Structure formats: structure tokens, C-alpha cells
Amino acid sequence: MTTTAFDPSLLFSVGSFSSSYEFKVRSGVRGRNLSPIKSGGRANKASSLTTTITTTNNSNDDSSESDFGAFGRRGLILTATLPFILRLHSSTNGFEAHAADEFALIREEVRKVVSTERAAGVLRLAFHDAGTFDMEENSGGMNGSIIYELDRFENAGLKKSLKIVEKAKSELDKIKPVSWADMIAVSGAEAVSVCGGPIIPVQLGRMDSMVPDPEGKLPLETLDAPGLKQCFLRKGFCTQELVALSGAHTLGGKGFGSPTVFDNSYYKILLEKPWLSSAGMSSMIGLPSDHALAEDDECLRWITIYANDQKRFFEDFKNAYVKLVNSGARWKSV
Ligand code: HEM
């Protein structure tokens, strides 16, 4: 049997695929029978796609010839697309395979409802659920409590974003209940990737809070740079992470490029400081907190880096987003 190094992160970077598959494994000298193994099948989501894999070093056994024809018995025979191959490797660890299945299923459902036009609101919803985290108090965070907090002034406009996520959630709940926290975390990640941003792996298993989080934890748009840094520090984020996460404002209608394209135009435009211009609508671009970042030397260094290197921005945003949606999360025990 050959063992191939496998990077589990690849599980999350493949495109959407169906959640059910079947394959056959011959487990070396002792394993004479091909035993079908089913993974992740859910009756009403099952795919018609079936893939077959065999790895063997049993030279006395030729029963596979008819199954696999010209490829011979020693080789690895695959009749599958790359995503399936990646998932088969992961099945050496049943839990990982199961989690990947579940993640793929949630992504699939979320993709049906999060269009590029709705993406900005959905990403903001994820920030407003997770962004209540306070490290010192060990309160708030990614726990679905936003469902109790929609009437707060800072959450104005988020009801419709929650409704979008709820649509996907109610479909998934028919198969297997998913927490609000997981749903919102995955939906925010999908909002980014559907608009051309990075593909973000999101771990599953968060539990929902049954009560609202403490108030006054989200940053105000009137904060200056020291205030923003202080606010994010209390959530465990350094200046670089503050600047990377703020790049989310590339989505939406604040004037940082196309409202439905996730790219580094936020930083490019911050460098130009159009709000200082008296010409036309330029002064309307960005929030006071965005302007404040561009006035701070330490933030400006990161703004310049991301303005010149979109790949770096995507990588840093991805990491900071993963940290954000894990903030304060309470996990189901495995
Ligand atoms: C740095 C501190 C932040 C402040 C003060 C802030 C504040 C705001 C405000 C006031 C809006 C405008 C809402 C409206 O149009 O009514 C907004 C929009 C938005 N925020 Fe933030 N935000 C911050 C950080 C973040 C972060 C970290 C994320 C996500 C990772 C985020 C995601 C968004 C998105 C996507 C929008 C556009 C929403 C839309 O157009 O529907 N924000 N933010």
C-alpha cells in the first residue's frame, strides 16, 4: 500500500461537488476482497457519481484485472475527478472526511443564496456576530447571538442578510442541524469567494449562544486609529490584522471599487485619499474609520503592502478571517 502525503487544506480549496461517493479499497496481502466503503452519503443529496480506487501489492491476486483492465494490478487506478481523489485520501481519517463532507454540503447550499449583490451584507453579518468578542472578559464572539441583536443600531440593515443565511440553514436543518454560528461563518467566507476573493476554509462545530452578547463591543465608525487598534487588540487582533480585515470594505457601496468585487482596491483608493478632494462625490468615499487608518503610519505601511500585492492581501485576509470566526467560539466535543 502506498501512502501519499496529503494536505488537508486542499479539501477546502476544491470546487463544489456532491456529498456522496463510494469507493473500493484492497488492503494489501491480506485484503483479498474489494470492500465498498461509503462516505458521507445523505439520501436526498446523493450523487450519481461513483468512483473506484484500488491500491495493492498482492501479486497472487489477479481478480482485479477484469475490473481495471489495461492499468494493471499494482497501480493506482482512479476513475474520478480531482476533487474526489483529494477526498478519498482524507478518508484515512474518518472524522476529517466527515467534516469535509459537511463543509462541502453547507457551501453548496450557501452558494445557492449568496449572490454577489448580497455578499457585502452577508460578510458584514459575519463580522457583527464574531466582532463582539472580548478576550479579557471572555465574552462574545462567533456564537450566532446576532439573531438576538438585530435591533441594535450598529446592526441596522442586517435583517435581510440573516434572512438569506436562514434560507440555506432551513434546507440544511432538514438533513442535519447546523448552528447559526457555523452557518454565518461559512456564509461570510462564501461571500468573499463568490466575489472573487480567496477561498477560505472554515472549521465546523461551533455551538450557538442562547443569549445576546454584551453591547458596545463592535468598533464605531468615529474611532481614530489608536481607538481602532485598541478595539481590535481586545479581540486578539494586531494592527496588521485590523488593516487586513478592514479590506472587507472593498465590498459594498462605500466607493472602494466595484461593490461586488473582492480585490485590493480598498487599499489603492485609501492611498489616494480621495475624501480630501473637493471634487464631486470623492469626499463621500469611505467611512471616517477607513480614513483614520490611512492617517496612521503603522496602518499605512500595511495599506501600502496590500495595495501593491493583492496575493498577500488575500492570504492575510484569509488567515485573519479564520481567526475572526474562531474568536470566542465554543466547540462541540467530538
Ligand atoms: C474597522 C472597523 C470597522 C468599522 C468601524 C466598520 C463600520 C462599518 C459601517 C459603519 C458600515 C456601513 C454600513 C452601512 O452601509 O449602513 C460598514 C460596512 C461594511 N462592513 Fe464594516 N466596519 C469595520 C470593520 C469591518 C470588518 C472587519 C468587516 C469584515 C471582515 C466589515 C465588513 C463590512 C462590509 C462587507 C460592509 C458593507 C456592507 C454593505 O454594503 O451592505 N467591516 N462597516
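This is a predicted model: local features need pLDDT of at least 70, side-chain atom pairs count only at pLDDT 80 or more; totals for chains, interfaces and linings use all residues.

Student: Ok, which residues come nearest to the ligand?

Tutor: Ala-120, Phe-127, Leu-245, Ala-248 and Gly-252, out of 19 residues around the ligand. A residue counts as near if its C-beta atom, placed from the backbone, lies within 6 Å of the molecule.

Student: And which elements give two or more residues to that shell?

Tutor: Helix H4 (116-130) and helix H8 (239-246). H4 gives the most, with five residues. Helices here are DSSP runs (H or I, at least four residues), numbered from the N terminus.

Student: What's the shell like by class?

Tutor: It has 10 nonpolar, seven polar and two charged residues. Ala, Val, Leu, Ile, Met, Phe, Trp, Tyr, Cys and Pro count as nonpolar, Asp, Glu, Lys and Arg as charged, and the others, Gly among them, as polar.

Student: Which domains does the shell draw at least three residues from?

Tutor: Domain 2 (101-194) and domain 3 (225-325), at least three from each. Those bounds come from an automatic or database domain assignment.

Student: Switching to packing: at what angle do H8 and H11 pack?

Tutor: About 55 degrees, with the axes of H8 and helix H11 (residues 297-308) 9 Å apart. That makes H8 oblique to H11. Axes are lines fitted to C-alpha atoms, for helices over the stretch in contact, and angles run from 0 to 180 degrees between N-to-C directions. Under 35 degrees counts as roughly parallel, over 145 as roughly antiparallel, 65 to 115 as roughly perpendicular and the rest as oblique.

Student: Which residues make that contact?

Tutor: Thr-239, Gln-240 and Val-243 of H8, with Glu-298, Cys-299, Trp-302 and Ile-303 of H11. Contact means C-beta atoms, placed from the backbone, within 7 Å. By class there are four nonpolar, two polar and one charged.

Student: How about H9 against H11, what's the angle there?

Tutor: Helix H9 (residues 265-272) packs on H11 at about 125 degrees, with axes 8 Å apart, so H9 and H11 are oblique to each other. Tyr-267, Lys-268, Leu-270 and Leu-271 in H9 meet Ile-303, Thr-304, Tyr-306 and Ala-307 in H11. That contact divides into six nonpolar, one polar and one charged.

Student: Last one, how far apart are the axes of H5 and H6?

Tutor: 10 Å, for helix H5 (residues 159-173) and helix H6 (residues 180-194), at an angle of about 120 degrees. Val-165, Ala-168 and Lys-169 of H5 make the contact with Met-183, Ile-184 and Ser-187 of H6.

Terms used
Residues are numbered from 1 along each chain as its sequence is written. Two residues are in contact if their C-beta atoms, placed from the backbone, lie within 7 Å.
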